[in-house]
Amino acid sequence: SSAVEGIVEKPYAIPNRRMVYGKLPHPVTIAFWRSVGHSMNDFFYESFLDELAEAGAQDPFQMRRTLLAKDARRLRLLDEVADLSGGWKRGPYEVEGETRARGVAMASPFGSETATVAEVSVRDGEVKVHDVWVAFDPGSVVNPKIVRRQVESAVALGLSQTLVEQAVANAVAALTGRRPRTLPLSSMTFS
């Protein structure tokens, strides 16, 4: 069911976890999203994981590494996305006179694995996405060009829907100290 897709099978080594499903009306339309349950549930889970890291005064990237210590496939993805992005750094930090931060998120839709890093800034109250890096392991591949296009279009959809879903929301929280609670982020004003 899309209600629990992407949340019950999270690979993090968190002992004594329990998932409970309660149906509540919400304003977010999910029917047209590409991965349905994974779209929303990975967003919720990964955002909450960042909140746990913050509450525990831990770096969210390193916390994910710790929770995946026995999972070589996903650790490899985290290392790859860190390499693609020029090395993990949370932020805030300065780039060309602009304050930026990064967020990280992972997802496991339908046997594929992905790790994403997004770099954002906030100027005049609006979020600007500077870069998005994705490490993707789909398992067996017949046509690599199709896989690349699928990943690129998934990022484009994420940008248009929620400004790259949880990775950007996590980076915005690091940058502003304010956790986004509504979507799309473009409807919010940050300072």
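The legends below describe close-up views of a predicted model. In this predicted model, local features need pLDDT of at least 70 and side-chain atom pairs count only at pLDDT 80 or more, whereas totals for chains, interfaces and linings use all residues. Residues are numbered from 1 along each chain as its sequence is written, and side-chain values use heavy atoms, with hydrogens and water left out.

**View A. The open sheet is built from four antiparallel strands in the order 1-2-3-4.** Strands are DSSP runs of E with at least two residues, and helices are runs of H or I with at least four, numbered from the N terminus; two strands pair if DSSP finds at least two bridges between them. Strand 1 (93-95) and strand 4 (126-137) each have a single partner strand, so one side of each lacks a neighbour in the sheet. Strand 3 (residues 113-123) pairs with strand 4 over 11 bridges, and Val117 has Trp133 in strand 4 as its bridge partner.

**View B. Tyr12 and Tyr45 form a stacked aromatic pair.** Rings of Phe, Tyr and Trp (its six-membered ring) pair if their centres lie within 6.5 Å, and planes under 30 degrees apart count as stacked, over 60 as edge-to-face and the rest as tilted. Here the centres are 6.1 Å apart and the planes stand at 10°. Tyr12 lies in the segment before helix 1 and Tyr45 in helix 1, 33 residues apart.

**View C. Phe61 and Trp88 form a stacked pair, 5.2 Å centre to centre with 15° between the planes.** Phe61 belongs to helix 2 and Trp88 to the loop between helix 3 and strand 1, so the pair ties together parts that are 27 residues apart in sequence.
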